[in-house]
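Dear colleague,

Please find the structure below, together with its sequence.

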Amino acid sequence: MKISTYRIYYSLLVFITLFTVSCKTAQNAASDQPKRLNEKETVELLFEKGKIPFYCFYSKIGIDYSDSSRSNSFKATVKMKVDSAFSGTLSVGPVIGASYLVSKDSIFFTDKMKNCYFKENINYLTGIFGTAIAYEFFQSLILGLPLGLDTEIKYNYKHTRDFYILSSYKKKDLRKIEDEEEDIFVQYYINTTTLHLDRIAIQVPSDTVTIDINYLNRIDYEGFFLPEQTNIKIVHPGDSILINMDYGSVKLNECKEIDINIPDSYVKCK
């Protein structure tokens, strides 16, 4: 069968067009891939992620908590003034059951079901988490930031297909950690594609504590990438704790009053 010159021309034109589009798509895909970061660039990126580009934060967060003795699910509001304090309410369904305030040195809590309250130094949380906890720990967890950054530490760099990994220890030094009672060993996992901080793994050898934090699916809020969900697993000799935080509405720099009301009729919680 004889094929017309027109059909040959048309077929070639379609082929060339498809080939051109395919090549362009492949070039764009390649150009979209971020260049591989070296050690210096990765460390600089990590510390950049520790900066907070706003002064007030508000969100509604769904929280699932479980340990060896109980399991709870509730909603929390979080009103935060950066590097100062945060407060809010805890509710199950439409019922507000408690309110709280966490400052740099203290914790306040009211139980509206039992008409009681407690006030403790923030060191009170050491018994719950199995290691010393500071205000900055909670602020970083809520905001999805790297915990425990230290400009005086030499971070060890490793590159895999999926992650840039910065560690505050070398693998060969793990056998020595029993002699370094005050140290905390941290690994930060930065996604090689998104360049987001996806995971933090923490070891506290003196307290036999491990903390594993996974920041999932970050969302852009005015240039600040907040995780859509945060999973936390804490293991210490007394217990294992699982916490999941699922973020709802978020507002930046719309400051709300950081406070807690303790009625005169409330007694100290037992």
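Predicted model: local features only at pLDDT ≥ 70, side-chain atom pairs only at ≥ 80, totals over all residues.

Residues are numbered from 1 along each chain as its sequence is written, and side-chain values use heavy atoms, with hydrogens and water left out.

Aromatic pairs

The structure holds ten aromatic pairs (rings of Phe, Tyr and Trp, the last by its six-membered ring, with centres within 6.5 Å; planes under 30 degrees apart are stacked, over 60 edge-to-face and the rest tilted). One of them joins Phe 54 and Phe 224, edge-to-face, at 4.9 Å centre to centre and 85° between the planes. Phe 54 lies in the loop between helix 2 (39-49) and strand 1 (56-66) and Phe 224 in strand 12 (residues 224-236), so the pair ties together parts 170 residues apart in sequence. Helices (H or I, at least four residues) and strands (E, at least two) are DSSP runs, numbered from the N terminus. Phe 54 is buried, at 6% relative accessible area, and Phe 224 is buried at 7% (buried is under 20%, exposed over 50%, partly exposed in between, with a 1.4 Å probe and protein chains only).

The rings of Phe 163 and Tyr 189 are also edge-to-face, because their planes stand at 85°, with the centres 5.6 Å apart. This pair links strand 8 (residues 163-167), which holds Phe 163, to strand 9 (residues 185-191), which holds Tyr 189. Phe 163 is partly exposed at 24%, and Tyr 189 is buried at 11%.

Charges over rings

Arg 199 lies over the face of Tyr 189, 4.7 Å from the ring centre. The charged end of Lys 256 sits over the ring of Tyr 58, at 4.8 Å from its centre. The criterion is NZ of Lys or CZ of Arg within 6 Å of the ring centre and within 35 degrees of the ring normal.

Helix 4

In helix 4 (residues 135-143), eight of the nine residues are buried, among them Tyr 135, Phe 137 and Leu 143. Gly 144 follows the helix and has a positive phi, near 70°.

Ser 99 and Phe 74

Ser 99 belongs to strand 4 (residues 95-103) and is buried, at 8% relative accessibility. Phe 74 is in strand 2 (residues 71-81) and is partly exposed, at 21%.

Yours sincerely
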